[in-house]
Amino acid sequence: MSVEIADAALAGGVARGDLAAFEVLVRRYSGRVFGLAFRILNDRAEAEDVTQEVFATAWRRLDSLSDPAAVRTWLFRVAHRQCLGVLRRNRTDPVGDLPDTGATPVGLGQPPRDPSIVAETVAAVAALRLALRRLPEPQRAAWLLAEVDGLSYAQIALAVGASEESVRGRLARARVRLAEVMKVWR
């Protein structure tokens with residue numbers, strides 16, 4: 001029987017220099033942190049570097065976290081800030097793309113045999129990617145953190161360094177813009 005250690009206990013252990021707790025924290029959240037970084041940067045190597053830097057920061061600074069139970073949100077906030085730094089250094093437009101994992105399109109289960117369904121699904125995903133690229137970075141970040149990572153308004157606000165009201169507005173505007181662009185795919 002596996003007992004899952006609470007985030008607060010892990011954060012406390014890391015803050016005390018417990019390497020085993022740090023390894024559990026990395027295993028638990030490295031995939032999610034990498035996914036966020038990859039969606040923002042659209043570059044696997046940059047996302048890997050950001051992920052590594054996020055956990056190096058966690059090792060050094062988790063002792064300053066006032067609410068150890070909020071470690072997940074704190075990691076996303078550090079990752080978001082790291083990504084913004086990379087984008088500033090590279091002077092590129094953030095893409096914030098959904099990763100192309102080669103998996104079966106969402107909602108279809110087994111791959112369809114009808115080529116027209118496959119083509120339509122691929123076109124719809126491409127349209128969503130393009131629509132996400134065109135969103136302003138604050139709206140894109142809020143949408144990705146809410147819809148892909150499942151964070152609450154409060155968690156997103158902490159992650160991006162904004163108020164909950166700002167996050168609600170950004171998310172609402174992003175959803176309206178995406179709904180308008182994607183209405184032809186309904």
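Predicted model: local features only at pLDDT ≥ 70, side-chain atom pairs only at ≥ 80, totals over all residues.

Student: Which residues line the second largest pocket?

Tutor: A pocket is an open set of points on a 1 Å grid over the protein atoms alone, where a 1.4 Å probe fits, with protein on both sides within 12 Å along at least five of seven lines; lining residues have an atom within 4 Å of a point. Here the lining consists of A124, L128, W143, R175, L178, A179, M182, W185 and R186. The volume is about 170 Å³, a volume being the space filled by probe spheres set on the points, which are joined across faces, edges and corners.

Student: Which helix supplies the largest share of that lining?

Tutor: Helices are DSSP runs (H or I, at least four residues), numbered from the N terminus. Helix 8 gives four residues, the largest share; helix 5 (115-134) and helix 8 (164-182) each contribute at least two. By class, the lining has seven nonpolar, no polar and two charged residues, where Asp, Glu, Lys and Arg count as charged, Ala, Val, Leu, Ile, Met, Phe, Trp, Tyr, Cys and Pro as nonpolar, and the others, Gly among them, as polar.

Student: Is E137 buried or exposed?

Tutor: Buried means under 20% relative accessible area, exposed over 50%, and partly exposed in between (1.4 Å probe, protein chains only). E137, in helix 6 (residues 137-148), is buried yet has no salt bridge. Its side chain makes a polar contact with that of H80 at 3.2 Å; such a contact is a pair of N or O atoms within 3.5 Å, one able to donate a hydrogen and the other to accept it, and residues adjacent in sequence count only if both atoms are side-chain atoms.

Student: How many salt bridges are there?

Tutor: Side chains of opposite charge can pair when their charged atoms come close. The rule asks for a side-chain nitrogen of Lys or Arg within 4 Å of a carboxyl oxygen of Asp or Glu, and the count comes to six. One of them joins R168 to E164, with the closest N and O atoms 3.8 Å apart. R168 and E164 are separated by about one helical turn, because they lie four residues apart in helix 8.

Terms used: Residues numbered from 1 in each chain as written. Heavy atoms only, no water. Lys, Arg positive; Asp, Glu negative; His and termini not counted.
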